[in-house]
Amino acid sequence: SSEQPVQILKAFAKTGLLAPGGEEVLTLTVPWRELATYEENGAAWVMEAGAYLLRVGNSSRHTQVVGAVQVPEDILLEQAANRLSLNPGYESHVDFLHRPPVPAPALEKGLPCLMVTAQDVPCWKTPAVPVLDCSRLSDRQLAALCVGYGPGVPFSAFRDVPDPNTIFTKDGQPVTVNDHPEGVNGYVSPAIPEEGIHSVYYKDGPAGVGETAWPSEMLMACSFDQELLRAFGNAVAEECQSQGVDVWLAPALNLHRHPLGGRNFEYYSEDPFLTGACACAVTKGVQERHPMLVCAKHFAANEQETYRRGSAKQENGRLLFDAVDSILSERALRELYLKPFEMLVKGASLRCIMTSFNKINGAFAGGSKDLCTHILREEWGFDGAVVTDWGDMDIVVDGAHAVAAGNDVVMPGGPPVIAQILKGLEEGRVTRQELELAVGHLLSMLRSLGRYQENQQEDRV
């Protein structure tokens with residue numbers, strides 16, 4: 001009953017190098033969820049009643065119908081809630097493109113057809129995610145762990161910055177330190193060694209970590225070769241390990257909306273399924289045999305570079321940062337722009353994700369609880385750490401607001417953002433419980449990397 005494209009990519013595989021006349025059998029699996037549509041009125045993922053034609057081919061322009069799935073009545077797959085909905089004030093100013101309805105073709109006689117009912121399709125159930133206990137930590141320790149370690153100036157590792165890297169106790173001792181053997185200030189998380197909490201080292205980016213000049217993500221996606229992408233992830237992980245890197249700031253999952261997109265070279269495709277499949281393959285290659293993690297970015301709808309951080313301007317005596325605003329329907333947001341991230345969370349054990357600077361329907365992505373908590377954690381079951389993009393986040397979104405929205409680590413952070421968080425705690429803009437939750441998420445990620453020893457505090461006592 002809803003508007004649909006003529007055909008959508010839902011599975012792909014690649015043969016080996018075949019000799020003339022050679023054959024190879026490939027098995028393509030399409031989860032039932034891939035046939036679901038997000039219905040905004042009911043805030044639900046629904047497999048709508050109708051006939052779904054299965055097309056197979058060697059390109060989107062060369063497909064043929066080989067079977068069908070018949071759904072006699074609507075099937076509810078997941079009940080959600082309306083999030084980041086289109087601002088009503090925008091509706092009179094924005095015209096959305098619509099495709100004229102395409103008549104459903106008659107099913108050929110003898111075409112294999114599979115009948116599917118609600119009993120055949122399992123509903124998505126968000127897994128329960130335990131949170132580590134951080135109640136023993138003081139307010140100042142919690143606030144200092146919710147930021148990166150360093151002066152809070154972008155690229156401080158490459159500049160002479162005299163500012164302090166953390167806050168201090170009444171005795172003049174640093175609350176946190178950098179105890180990573182390789183990581184530089186501004187790209188590490190804070191450590192409190194006596195609490196069993198140790199630093200991790202983040203490093204950019206999608207094109208690798210400065211050793212091999214890898215082909216761009218766009219070019220690798222053109223291969224449609226998931227094993228190749230898995231091997232690429234494995235090779236980059238080896239380079240990360242040689243440099244002591246714990247978290248690789250990649251893959252980048254935004255879509256190609258325009259040929260002149262400023263970071264298209266870092267992104268895979270205009271197709272959300274291909275993007276998600278490529279990212280899953282890379283992530284598995286990195287994480288399956290190496291004690292390190294990827295950090296998917298930029299969450300979400302960061303499809304242009306112009307004004308992605310915003311431009312400074314004065315208004316009524318206040319300094320404002322007016323960032324690009326991605327205006328889109330909730331269905332488009334969920335089915336297109338969020339889909340690669342959802343695939344990575346549910347299909348590749350993603351443990352770290354980076355929020356973006358841009359706005360979505362008027363709300364800063366990094367300051368949106370709808371995005372960073374309600375969708376990411378409550379709907380998808382994400383159990384890792386959420387970090388902000390590097391630089392200016394503390395200006396675009398106040399540090400206290402960022403943590404309250406669901407960001408666990410504000411990067412590069414430093415004392416200026418710690419001060420924002422502590423002030424927000426005093427003013428009630430962020431709660432002690434939200435700080436404990438954020439640090440609990442960070443410690444969960446550190447534990448998966450062997451950088452947090454839970455029982456050290458008990459042993460010390």
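This is a predicted model: local features need pLDDT of at least 70, side-chain atom pairs count only at pLDDT 80 or more; totals for chains, interfaces and linings use all residues.
Start with the whole protein chain shown as a cartoon. Its secondary structure comes to twelve helices and 17 strands. The radius of gyration is 23 Å, close to the 23 Å that the globule rule gives for 461 residues, so the chain is as compact as a globular protein of that length. Along its principal axes, the C-alpha trace spans about 85 × 55 × 45 Å.

Switch to a surface view. The chain exposes about 22100 Å², of which carbon and sulfur atoms supply 52%. Buried residues make up 50% of the 461 residues.

Next, select Y202, W248, F299, I353, I360, V387 and M445. These belong to the largest nonpolar core, which has 104 residues, and they touch the most other members.

Now centre on Y202. Leaving out residues up to four places away in sequence, Y202 touches Y187, V188, S189, V247, L249, V387, W390, M411 and M445.

How many disulfides does the structure hold? It holds zero. For C278, the closest cysteine sulfur is in C222, 9.1 Å away and therefore too far for a bond. The sulfur of C280 has its closest cysteine sulfur in C278, at 9.5 Å, which is also too far. Both residues count as buried, C278 at 1% relative accessibility and C280 at 10%.

Conventions. Residues are numbered from 1 along each chain as its sequence is written. Side-chain values use heavy atoms; hydrogens and water are left out. A nonpolar core is a set of buried Ala, Val, Leu, Ile, Met, Phe, Trp, Tyr and Cys residues joined through side-chain atoms within 4.5 Å. Buried means under 20% relative accessible area, exposed over 50%, partly exposed in between (1.4 Å probe, protein chains only). Contact means heavy atoms within 4.5 Å. A disulfide is a pair of cysteine sulfur atoms within 2.5 Å. Helices (H or I, at least four residues) and strands (E, at least two) are DSSP runs, numbered from the N terminus. The radius of gyration is taken over C-alpha atoms; the globule rule is 2.2 Å times the number of residues to the power 0.38. Accessible areas come from the Shrake-Rupley method with a 1.4 Å probe; for residues, only the protein chains shown count as cover.
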